[in-house]
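Q: I'm new to this one. Can you walk me through it?

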Amino acid sequence: MRIFSGIRPTGSLHLGNYLGAIKQWIDLQETHECVFCIVDLHAITTPYDKKELQKNIFETLIVYLAAGINPEKSVIFVQSHIKEHPELAWLLGTITPLGELQRMTQFKEKSKTNKAYINAGLLSYPVLMAADILLYRAEAVPVGKDQGQHVELTRSIAKKFNQKFGQTFKEPESLIPKEGAKIMSLTDPKKKMSKSDDPKSCIFLFDSPEDIQRKIMSAQTDSGKDVIYNVTKKPGISNLFTIYSLLANKTTQDLEKEFKGKNYGEFKKSLAKIVIDYLEPFRRKQKELSLREVYLQEILKQSQSRALTIAQETMREVKEKMGLL
Ligand code: AQP
């Protein structure tokens, strides 16, 4: 079974990206053929600084490697280096109903936050995502909860293509983790943790121990004093519980027992230590890898040729079926 997933290089990656997506990738690469993309064409659908883009692409690659993606097992490449992605997106766009795109939650949310930048690329983002996935005939897509709707649309595009032009694509499943699929902002636990939000709202994977400590200690908590997990009544502390539980490999019930009678401050202090220790190898590997640009370039180059072979083969079949060859 082939797996596909990707991340937009729009800034530093955070614990949400890790717990929602990357952590699953590490396990999946042991048992599946995995294709992991740095989706720069998606990154330019929201406001960006062109000088920062290449830096963000490299930083995303470094996160993949620091988190444990093995370039000898998995394919890692940059989306814009393979022109078959936008080419397939154009073809799939011709069978995607406009209404489907207009009802996508991400389109609506990003249009609200970037009122001066509502572009056609933002609207057709899910078609490009469908192309990313279908180009590699991936059968499963490990993503956080926010991307589940886009994978659903990919399934319906695949189905439509098959009905219209003959069986070509399998309908991919989304793999959304049971826990950690939506890590919330530290400053507003009603919103998801997002790269493009205030840096205080995110724990970045390469944050210094001091920053981690400061951000966790000042994370928004809830009224009352009890350290208990209750997403509806205590969204702030419950979000911290989820992070604690996933990084320390303890259940929320065990944590409730451990912190019974203790206060939020004690819980946060202990969580800060857990996060700092967990992310220590990430910081170390980042230092090592950021000095090895030639090695990083080589990984992208080698992976790209593996990805291109699959992409070209799919495009040939798609064009033939659509009457373009
Ligand atoms: N808060 C989150 N909790 C769990 N999973 C998350 N993901 C993103 N945020 C959370 C998952 O990370 C993967 C990569 O996401 P992306 O960067 O391609 O796009 P995004 O979902 O739009 O992520 P951000 O951080 O919110 O980026 P910006 O601010 O640039 O829009 C996906 O699998 C996503 O589900």
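A: Here is a short tour, from domains to a helix pair to an annotated motif. Keep in mind that this is a predicted model.

Q: Which domains does the assignment give for the protein chain?
A: It gives domain 1 and domain 2. Domain 1 takes in 2–181 + 293–322. Domain 2 covers 206–287.

Q: How far apart are the C-alpha centres of the two?
A: The centres of domain 1 and domain 2 lie 30 Å apart. Their contact takes eleven residues from domain 1 and ten residues from domain 2.

Q: Now helices. Where do H11 and H13 sit in the chain?
A: H11 is residues 235–248, and H13 is residues 264–289. Their axes come within 10 Å.

Q: At what angle do H11 and H13 cross?
A: Roughly 40°. H11 and H13 are therefore oblique to each other.

Q: Is that crossing left-handed or right-handed?
A: The crossing of H11 and H13 is left-handed.

Q: Which residues meet there?
A: From H11, they include Ile237, Leu240, Phe241 and Tyr244. On the H13 side, Phe267, Lys268, Leu271 and Tyr278 are among them. The residues of this contact divide into 13 nonpolar, one polar and one charged.

Q: New topic. What does UniProt annotate at residues 9–17?
A: The record, an unreviewed entry, marks a short sequence motif there, the 'HIGH' region.

Q: What is the chain like over residues 9–17?
A: That stretch is 33% helix and 0% strand. Its end C-alpha atoms are 11 Å apart.

Terms used
Residues are numbered from 1 along each chain as its sequence is written. This is a predicted model: local features need pLDDT of at least 70, side-chain atom pairs count only at pLDDT 80 or more; totals for chains, interfaces and linings use all residues. Side-chain values use heavy atoms; hydrogens and water are left out. Axes are lines fitted to C-alpha atoms, for helices over the stretch in contact, and angles run from 0 to 180 degrees between N-to-C directions. Helices (H or I, at least four residues) and strands (E, at least two) are DSSP runs, numbered from the N terminus. Angles under 35 degrees count as roughly parallel, over 145 as roughly antiparallel, 65 to 115 as roughly perpendicular and the rest as oblique. A crossing is left-handed if the near helix is turned anticlockwise from the far one by less than a right angle, and right-handed if clockwise. Contact means heavy atoms within 4.5 Å. Ala, Val, Leu, Ile, Met, Phe, Trp, Tyr, Cys and Pro count as nonpolar, Asp, Glu, Lys and Arg as charged, and the others, Gly among them, as polar. UniProt positions are given in the numbering used here, feature names are shortened, and annotations may be inferred rather than shown by experiment. Domain bounds come from an automatic or database domain assignment.
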